[in-house]
Amino acid sequence: MSTRVFIVDDEQPARSRLKDLIADCAEALPVVFAGEASTGAQALDWLNEHEADVALLDIRMPGMSGIE
């Protein structure tokens, strides 16, 4: 079974880079990209409807930080 990784970052280039890193690891590790959000509120909405094993969160985002 693969580990589903969810990405939350307000900067699109950072989300794209993390998706690339996940794809690079997929051959060696059972990791798949599950989804992404650009705000904390979007992340909470997404997680209410989908499942992820791991969330990679940006700590500094407008509105709601990754720590919140």
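Guide: Strands of a sheet pair through backbone hydrogen bonds, either parallel or antiparallel. Here three strands form an open sheet in the order β2-β1-β3, with parallel pairing. Strands (E, at least two residues) and helices (H or I, at least four) are DSSP runs numbered from the N terminus, and two strands pair if DSSP finds at least two bridges between them. This is a predicted model: local features need pLDDT of at least 70, side-chain atom pairs count only at pLDDT 80 or more, and totals for chains, interfaces and linings use all residues. Residues are numbered from 1 along each chain as its sequence is written, and side-chain values use heavy atoms, with hydrogens and water left out.

Visitor: Why is one side of β2 and of β3 left without a neighbour in the sheet?

Guide: β2 (31-37) and β3 (54-57) stand at the edges and each has a single partner strand, so one side of each lacks a neighbour in the sheet. From one strand to the next, the twist averages 25°. Strand β1 (residues 3-8) pairs with β3 in the parallel sense over four bridges; Ile7 has Leu56 in β3 as its bridge partner.

Visitor: Across which strands does helix α1 lie?

Guide: Helix α1 (residues 12-25) lies across β1, β2 and β3, and runs at about 165° to β2. Such angles run from 0 to 180 degrees between N-to-C directions, with axes fitted to C-alpha atoms, for helices over the stretch in contact; contact means heavy atoms within 4.5 Å. Arg15 is found in helix α1. At 8% relative accessibility, Arg15 counts as buried, a term for under 20% relative accessible area, with exposed over 50% and partly exposed in between (1.4 Å probe, protein chains only). Leaving aside neighbours within four places in sequence, Arg15 has contacts that include Asp9, Asp10 and Glu36.

Visitor: Which residues form the largest nonpolar core?

Guide: In soluble globular proteins, nonpolar side chains tend to be buried together. A nonpolar core is a set of buried Ala, Val, Leu, Ile, Met, Phe, Trp, Tyr and Cys residues joined through side-chain atoms within 4.5 Å. The largest has six residues: Phe6, Val8, Ala37, Ala43, Trp46 and Met61. At least two residues of this core come from each of β1 and α2 (40-49). Not counting residues up to four places away in sequence, Phe6 touches, among others, Ala37, Ala43 and Trp46.

Visitor: What pattern does the chain follow along the sequence?

Guide: The pattern is β-α-β-α-β. Buried residues make up 25% of the 68 residues in the chain.
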